[in-house]
Amino acid sequence: MAINLITAQVIISVILIAAGQIMFKITARSWSQYGSLYSIKPALSLFCAMILYATATIIWIRALRDIDLSRAYPYMSLSFVLVPISSVILFDEKIDMNYAIGLALIIAGLVTISRS
């Protein structure tokens, strides 16, 4: 199944939102380490997070020109999957079995919605 341009824009937007959340976590860690949000590392990671969010928003708005919000919005639930998986990989955070089942249900729900 080929992904059309509009769907690709929606998915790219979601990926950028998830990446922004990861950058916010990096900002929080840097802030704790350097003691100030105005130190270069936390400030830089915060700036990157804001750029990611701004870019995601522009792509999202562009996609919404050609797709119904009710069709696009369920894809935002992918961020609820991408961020925890990224957190496990990047920050060695843990998720339990119930959490993993919840993530699988989100994916199943998205697959179900996308087929309609």
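Visitor: At roughly what angle do the axes of α1 and helix α2 cross?

Guide: In this predicted model, helix α2 covers residues 40-64, and its axis comes within 8 Å of the axis of α1. Where α1 passes α2, the crossing is left-handed, and the angle between the two axes is roughly 165°.

Visitor: How are α1 and α2 oriented to each other?

Guide: The axes of α1 and α2 cross at roughly 165°. Angles over 145 degrees count as roughly antiparallel, and α1 and α2 are therefore roughly antiparallel to each other.

Visitor: How many nonpolar residues does the contact of α1 with α2 have?

Guide: Sorted by class, the contact of α1 with α2 includes 8 polar and 2 charged residues. The remaining class in that contact of α1 with α2 is the nonpolar one, and its count is 21.

Visitor: How many charged residues does the contact of α1 with α4 have?

Guide: On the side of α1, the residues that meet α4 include Val-14, Gln-21, Lys-25 and Arg-29, while on the side of α4 they include Ser-79, Leu-82 and Phe-91. By class, the contact of α1 with α4 has 10 nonpolar and 4 polar residues, and the number of charged residues is 2.

Visitor: Which residues of α5 make the contact with α4?

Guide: The axes of α4 and α5 come within 9 Å and cross at roughly 145°, in a crossing that is left-handed. From α4 the contact is made by Phe-80, Val-81 and Pro-84, and from α5 by Tyr-99, Leu-103, Ile-106 and Ile-107.

Visitor: How far apart are the end C-alpha atoms of helix α5?

Guide: Helix α5 runs over residues 97-114, and at 1.5 Å a residue its 18 residues should span 26 Å. The distance between the end C-alpha atoms of α5 agrees with that expectation, for it is 26 Å.

Visitor: Which residue has a side-chain oxygen that reaches toward the backbone nitrogen of Asn-98?

Guide: This contact lies at the start of α5, where a side-chain oxygen comes to within 3.3 Å of the backbone nitrogen of Asn-98. The residue that provides this oxygen is Asp-96.

Conventions: Residues numbered from 1 in each chain as written. Predicted model: local features only at pLDDT ≥ 70, side-chain atom pairs only at ≥ 80, totals over all residues. Heavy atoms only, no water. Contact = heavy atoms within 4.5 Å. Helix = DSSP H or I, 4+ residues; strand = E, 2+ residues; numbered from the N terminus. Nonpolar A, V, L, I, M, F, W, Y, C, P; charged D, E, K, R; others polar. Axes fitted to C-alpha atoms, helices over the stretch in contact; angles between N-to-C directions. Parallel < 35°, antiparallel > 145°, perpendicular 65-115°, else oblique. Left-handed = near helix turned anticlockwise from the far one by under 90°. Expected span 1.5 Å × (residues − 1). Polar contact = N/O pair within 3.5 Å; in protein donor to acceptor, adjacent residues only side chain to side chain.
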